[in-house]
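Keep the picture open while you read.

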Amino acid sequence: MDSLFSMAGKVCVVTGGSTGLGSYMAQGFLQAGAARVYITARSTETLAATAAELSADAGGECIGIAGDLATLEGVQALAATLAEKETHIDVLVNNAGLGTGGPFADLSAYDWDRTMDLNLRSPLFLTQALLELLKRRATVADPSRVIFISSVAASEIYAHVMAYSTSKKAVEHLTPQLALALADDQVTVNAIAPGRFYSEMTRGAWQDPEKESFKAELQRIPAHRYGGREDIAGVAVMLCSRAGAYFTGEVLNLDGGHRLRR
Ligand SMILES: NC(=O)c1ccc[n+]([C@@H]2O[C@H](COP(=O)([O-])OP(=O)(O)OC[C@H]3O[C@@H](n4cnc5c(N)ncnc54)[C@H](OP(=O)(O)O)[C@@H]3O)[C@@H](O)[C@H]2O)c1
């Protein structure tokens with residue numbers, strides 16, 4: 001049974017892996033036996049601290065690569081650095097993302113563009129830039145894996161988070177299209193759509209657990225809790241090990257039932 005979920009020897013890339021969901025998945029991959037997990041972020045300090053912490057925690061190595069993925073130059077720079085370091089990549093998790101929101105009247109083109117650039121354009125073009133490395137060791141029996149991170153926001157209608165929820169809905173639409181495009185390359189493409197998770201992005205909502213709005217939120221979520229490290233690490237490891245090799249073009253809702261209660 002253990003080998004079903006083993007990631008022994010795999011080389012993985014997790015964008016935005018310095019904090020939150022990315023760091024949870026990176027840690028899960030290392031604990032499942034991954035040889036190397038590259039994490040990326042803009043803040044070099046946080047990146048170095050997380051890479052050191054995760055490397056100390058498991059057998060494999062966690063390596064930070066700093067850069068801004070909101071720009072295509074940043075995407076190309078990351079791909080070039082990875083090509084210098086590795087001859088192949090088994091797993092790419094396009095996780096780095098930005099949450100924006102506010103009244104429609106205040107929505108600026110700047111905010112719209114930076115949300116779309118980081119959440120939608122960069123994951124697509126990073127996948128394209130890393131395609132040769134992803135194809136290198138991919139086989140019918142053990143395809144390489146690409147994971148996008150969507151959000152429960154893609155399944156709900158909000159008046160205040162238009163750019164964010166539209167970017168995530170587009171990610172979900174992109175997922176099966178890319179899965180079909182990369183099928184003959186033996187690369188699977190799936191998305192995870194998390195509900196509310198503990199991370200830096202949501203810190204304002206959960207850091208005071210006594211806050212009435214947080215308690216009300218927990219009441220509204222059918223699972224009555226936020227998601228944590230094991231919740232997303234477990235699903236990501238499943239998708240990237242033997243267990244998940246037959247999934248492609250899927251969006252896995254990981255939200256404790258959040259989207260069911262509108
Ligand atoms: N937390 C939730 O409840 C939740 C729910 C649904 C979906 N998600 C999605 O999960 C993903 C991870 O978010 P999170 O909640 O874990 O947030 P987080 O803790 O704020 O992590 C975001 C990560 O992305 C990096 N990042 C941000 N902007 C970047 C940029 N321009 N270039 C490169 N890296 C950048 C951050 O590092 P730097 O700031 O140092 O660059 C950090 O490593 C996002 O796609 C988010 O939309 C989260």
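## Helices that cross

Helix α1 and helix α9 cross in a right-handed way. Keep in mind that you're looking at a predicted model. Averaged over the chain, the pLDDT is 97, and 99% of the residues score at least 70. Confidence is highest in strand β4 (residues 91-94), at 99, and lowest in helix α7 (residues 203-206), where the mean is 95.

Now back to the helices. Two packed helices are described by the angle between their axes and the distance between the axes.

| Helix pair | Angle between axes | Distance between axes |
|---|---|---|
| α1 and α9 (residues 229-240) | roughly 55° | within 8 Å |
| α1 and α2 (residues 44-57) | about 25° | 9 Å |
| α4 (residues 109-129) and α6 (residues 162-181) | about 15° | 8 Å |

**α1 with α9.** Start with the pair we opened on. The axes of α1 and α9 cross at roughly 55°. That angle makes α1 oblique to α9. Which residues meet here? On the α1 side you'll find L21, Y24, M25, Q27, G28, F29 and Q31, and they meet R229, I232, A233, A236, V237 and C240 of α9. Sorted by class, this contact has nine nonpolar residues, three polar ones and one charged one.

**α1 with α2.** The angle between α1 and α2 is about 25°. Angles under 35 degrees count as roughly parallel, so α1 and α2 are roughly parallel to each other. α1 passes α2 in a right-handed crossing. From α1, the contact uses S23, A26, Q27, L30 and Q31; from α2, it uses T50, L54 and D57. The class count for α1 with α2 is three nonpolar, four polar and one charged.

**α4 with α6.** How are these two helices arranged? With an angle of about 15° between them, α4 and α6 are roughly parallel to each other. α4 passes α6 in a right-handed crossing. The list of touching residues includes W112, M116 and L120 from α4, along with Y164, V171 and L174 from α6. By class, the contact of α4 with α6 has 11 nonpolar, five polar and one charged residues.

## Zooming in on L21

L21 belongs to helix α1, which spans residues 20-31. Is L21 buried or exposed? Its relative accessible area is 14%, and buried means under 20%, so L21 is buried.

Which residues does L21 touch, if you skip those up to four places away in sequence? The answer is N95, P194, F197, Y198, S199 and I232. Take a look at I232, which lies 211 residues from L21 along the chain, while their C-alpha atoms are separated by 7.0 Å. I232 is also among the α9 residues that meet α1.

Where is S18? You'll find S18 in the loop between β1 (11-14) and α1. S18 counts as buried too, because its relative accessibility is 11%. Setting aside its neighbours within four places in sequence, S18 is in contact with S23, I39, T40, A41, T46, L47 and T50.

Notes:
Residues are numbered from 1 along each chain as its sequence is written. This is a predicted model: local features need pLDDT of at least 70, side-chain atom pairs count only at pLDDT 80 or more; totals for chains, interfaces and linings use all residues. Side-chain values use heavy atoms; hydrogens and water are left out. Helices (H or I, at least four residues) and strands (E, at least two) are DSSP runs, numbered from the N terminus. Buried means under 20% relative accessible area, exposed over 50%, partly exposed in between (1.4 Å probe, protein chains only). Contact means heavy atoms within 4.5 Å. pLDDT is the predictor's confidence in each residue, from 0 to 100. Axes are lines fitted to C-alpha atoms, for helices over the stretch in contact, and angles run from 0 to 180 degrees between N-to-C directions. Angles under 35 degrees count as roughly parallel, over 145 as roughly antiparallel, 65 to 115 as roughly perpendicular and the rest as oblique. A crossing is left-handed if the near helix is turned anticlockwise from the far one by less than a right angle, and right-handed if clockwise. Ala, Val, Leu, Ile, Met, Phe, Trp, Tyr, Cys and Pro count as nonpolar, Asp, Glu, Lys and Arg as charged, and the others, Gly among them, as polar.
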